[in-house]
Amino acid sequence: ATMAAMRVLVSGFEPFGGDVANASADAVAALADGWADPDLELRTVILPVSFDAAPRVLAEAIRRERPDAVLCVGEAGGRGAVTPERWAVNERQARIPDNDGEQPSGPIDDGAQRLASRLDVDAMVAAIQRSGIHAEASEDAGRFVCNAVFRAALTGFDGPAGFIHVPALRLSG
């Protein structure tokens, strides 16, 4: 094949807050296990639930994998739908400590108050719904590590980048 496959980096998160699993890591693993599209090269990385380390590990993965697009996946407790996020906000507000025990608050960087996803959120919602899974667009990625990673993807990578929250379901087996 002369056409180079498009390379997509998908990130998930390690378990957090005493949980034994993280739905985002489960989703990324399931995606990788079932991957069979020769036109799309899938690379994955699991990020620490850390305001400090997660953006750094994502940046290292972007440098290493040189992806054409970046999709970050996180877990949202209390949501019953898969929710692609429209905005990454310039704010950290940790109501609970991250896995490093840090609980930062305040702005993330010197940039705009919010940055838009560089993936088509409405198209993602429609595609997920067509597969029979409940999905809706989200206007609020929270103020925890998920939002910080979404922000890092948008500020540390020039190409298409976005974030999807998945419900905090526990996959057994």
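Biologist: What is the order of the strands in the open sheet of 5 strands?

Modeller: Bear in mind that this is a predicted model, where local features need pLDDT of at least 70, side-chain atom pairs count only at pLDDT 80 or more, and totals for chains, interfaces and linings use all residues. Residues are numbered from 1 along each chain as its sequence is written, and side-chain values use heavy atoms, with hydrogens and water left out. Helices (H or I, at least four residues) and strands (E, at least two) are DSSP runs numbered from the N terminus, and two strands pair if DSSP finds at least two bridges between them. The sheet has mixed pairing, and its order is β2-β1-β3-β9-β4.

Biologist: Which strands stand at the edges?

Modeller: Look for strands with a single partner strand, because one side of each is then left without a neighbour in the sheet. That picks out β2 (40–47) and β4 (83–84).

Biologist: How many bridges join β3 to β9, and which residue in β9 is the bridge partner of Cys72?

Modeller: Strand β3 (residues 69–76) runs parallel to β9, and 7 bridges join the two. One of the residues to look at is Cys72, whose bridge partner in β9 is Phe163.

Biologist: Is Gly12 buried or exposed?

Modeller: Gly12 lies in strand β1 (residues 6–13). Contact means heavy atoms within 4.5 Å, and Gly12 touches Ser24, Ala25, Val28, Val45, Ile46, Leu47 and Val73, not counting residues up to four places away in sequence. On the scale used here, buried means under 20% relative accessible area, exposed over 50%, and partly exposed in between (1.4 Å probe, protein chains only). With a relative accessible area of 0%, Gly12 is buried.

Biologist: At what angle do α2 and α4 pack?

Modeller: Helix α2 (residues 53–65) lies across β1, β2 and β3. On its α4 side, Ala54, Pro55 and Leu58 in α2 meet Val145, Ala148, Val149, Ala152 and Ala153 in α4. Axes are lines fitted to C-alpha atoms, for helices over the stretch in contact, and angles run from 0 to 180 degrees between N-to-C directions. The axes of α2 and α4 are 9 Å apart, and the packing angle is about 35 degrees.

Biologist: How many aromatic pairs are there, and why does Phe150 with Phe163 count as tilted?

Modeller: Rings of Phe, Tyr and Trp (its six-membered ring) pair if their centres lie within 6.5 Å; planes under 30 degrees apart count as stacked, over 60 as edge-to-face and the rest as tilted. The whole structure has 3 aromatic pairs. The centres of Phe150 and Phe163 are 5.8 Å apart and their planes are at 35 degrees, so this pair is tilted. It links distant parts of the chain, 13 residues apart: Phe150 sits in helix α4 (residues 145–156), and Phe163 in strand β9 (residues 161–167).

Biologist: Which residues do ring pairs link into a cluster?

Modeller: Here the ring pairs tie together a group of phenylalanines. The cluster is made of Phe16, Phe51 and Phe144.

Biologist: What is the phi of Arg66?

Modeller: Most residues other than glycine have a negative phi. Arg66 lies in the loop between α2 and β3, and at 59% relative accessibility it counts as exposed. Although Arg66 is not a glycine, its phi is positive, at about 45 degrees.
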